[in-house]
Amino acid sequence: MTSDEQVLSYPLHYDTALDPPKEWEDLRGRCPVATIELPSGDRAKMITRHEDIKALLADPRFARPTAADNAARVAPEGSGGAAATGDSAMVVPMKGEGHLRWRRLVGKYFTARRMAALRPSMTATAEHLIDEMVAEGAPADLKAALSFPLPVYVICDMLGVPADDRHRFSRWSDMMLSVTRYSQEEARAGMAEFSAYMSGHIADKRAGDTDDLIGMLIRESAGEGQGMSDAELLSTAMGLLVAGHETTANAIGKMVAMLLADRGRWERLVADPSLVRTAVEESLRYDVNLGFGLRRYLSEEAELGGEVLPAGTTVLCAMGSGNRDESVFEHAGEMDLGRSPNPHLTFGAGPHSCLGQALARTELQVALETLLRKLPTLELAVPPADLKRMEGLLVGGLQEVPVRW
């Protein structure tokens with residue numbers, strides 16, 4: 001099969017929420033640069049091999065498409081949120097020196113040392129949430145009880161915004177990340193509400209002197225030329241609130257579901273909690289439900305997988321497929337809780353790799369450590385095949401994670 005012989009409808013079909021699409025293995029072997037048709041009807045290229053995905057993501061020339069690019073559209077006409085459409089309302093610079101400047105400013109806060117300092121308070125929050133879940137009784141939805149609220153409390157504390165508004169944040173996040181769940185009109189209205197809310201919050205921060213992330217960015221931007229513009233500060237605050245809870249909340253739920261899907265995995269961790277760190281990395285690699293995939297717009301000609309792609313091509317990186325590449329990961333289709341090294345692509349690679357990965361890792365480790373300690377008898381309350389994927393958003397996740405203990 002060559003990329004000209006078949007056009008695949010994207011997203012691909014998943015038989016169950018925890019199993020990979022059947023096409024991945026064949027594409028990696030015979031058609032690593034495949035032609036896909038997006039929900040919009042536009043066509044793009046999808047790459048599935050670890051080597052090609054890493055090379056593209058690490059190439060500083062290419063970034064996520066914006067509304068200014070003539071890129072393949074993701075969402076059908078009349079639907080899609082800002083993250084899917086490349087709406088210019090999000091003005092964080094995507095590449096070049098502007099992007100490096102932005103990363104330097106925000107990255108000052110997301111250090112591994114600072115994240116480690118947050119660990120005790122994260123653990124206390126996780127313990128409290130689990131105690132509340134147990135008090136309500138089994139069965140329970142672990143996503144609603146723990147995996148959603150834990151990252152929300154953490155990112156709200158970091159940004160200095162009230163966690164009581166978390167359900168509004170969740171709705172605005174879904175609107176921003178929508179592919180087909182909301183109409184474009186609904187998504188734009190939600191973005192306007194979100195923008196007004198965060199603008200007011202930033203204005204309040206300017207009137208005081210706080211140690212949270214937004215306060216730090218305001219102080220860093222007080223000079224000329226090196227800080228953020230008001231528009232960049234607003235986009236950064238909105239983007240961090242969305243990224244800081246949406247993806248991690250889903251990752252916690254998926255991690256626990258994957259570990260409980262095979263009882264031997266969970267029991268091994270109960271017996272040896274020292275495996276938590278490598279188990280978290282393996283859950284990030286093994287996850288087939290990472291969402292829509294990272295997109296890159298080729299502003300100039302590039303070669304990928306032995307194929308020369310012209311300027312103007314939109315390329316979608318199937319990181320979940322790259323994470324199952326047998327040329328990189330021995331027994332890639334098996335979940336090895338002690339796997340090391342583990343060069344998975346879940347956080348991306350290169351100049352656009354996930355800025356909050358130290359935070360996400362810490363939250364995943366804390367959630368797993370606390371569950372193993374407090375609920376060693378935890379198990380899924382439904383067969384793994386009955387778990388349902390979230391649909392219509394750029395991010396991947398499960399609708400619910402029913403558990404009992």
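**Close-up views of a predicted model**

View 1. Helix α2, residues 50-57, has His 50, Asp 52, Ile 53, Leu 56 and Leu 57 as buried residues. The model shown here and in the other views is predicted. Among the elements that cover the buried residues of α2 are the strands β3 (43-47), β5 (294-297), β6 (302-304) and β8, together with helix α15.

View 2. In helix α1, which spans residues 23-30, Trp 24, Leu 27 and Arg 28 are buried. These residues lie on the same side of α1, because the arc they cover around the axis is only 100°. An α-helix has 3.6 residues a turn, so residues three or four places apart point the same way. Glu 25, Gly 29 and Arg 30 are exposed and sit on the face of α1 turned away from its buried side. The cover over the buried residues of α1 includes β1 (7-9), β2 (33-37), β3 and α15.

**View 3. Strand β3 and its partners.** Strand β3 is largely enclosed by the rest of the structure, since 4 of its 5 residues are buried. β3 runs antiparallel to β2, and 5 bridges join the two strands. Glu 37 has Arg 43 of β3 as its bridge partner. β2 and β3 form a hairpin with 5 residues between them, and in the turn Gly 41 has a positive phi of about 95°. With β8, strand β3 runs parallel, joined by 3 bridges. Lys 45 has Val 315 of β8 as its bridge partner.

**View 4. The largest pocket.** The largest pocket holds about 520 Å³ of space. It is lined by 35 residues, of which Pro 11, Leu 12, Tyr 14, Arg 389 and Glu 391 are the closest to its centre. Strand β8 (314-317) and helix α15 (319-322) each contribute at least two residues to the lining of the largest pocket. That lining consists of 22 nonpolar, 9 polar and 4 charged residues.

**View 5. The second largest pocket.** The volume of the second largest pocket is about 290 Å³. Its lining comprises 18 residues, and Ala 71, Arg 73, Val 74, Ala 84 and Thr 85 are the closest to the centre. By class, 8 residues of the lining of the second largest pocket are nonpolar, 6 are polar and 4 are charged.

How values were computed. Residues numbered from 1 in each chain as written. Predicted model: local features only at pLDDT ≥ 70, side-chain atom pairs only at ≥ 80, totals over all residues. Heavy atoms only, no water. 1 Å grid on protein atoms, 1.4 Å probe; cavity = no way out; pocket = protein on both sides within 12 Å on 5 of 7 lines; lining within 4 Å. Points joined across faces, edges and corners; volume = space filled by probe spheres on them. Nonpolar A, V, L, I, M, F, W, Y, C, P; charged D, E, K, R; others polar. Buried < 20%, exposed > 50% of the residue type's maximum accessible area, 1.4 Å probe, protein only. Contact = heavy atoms within 4.5 Å. Arc of directions from axis to C-beta. Pairing = 2+ DSSP bridges.
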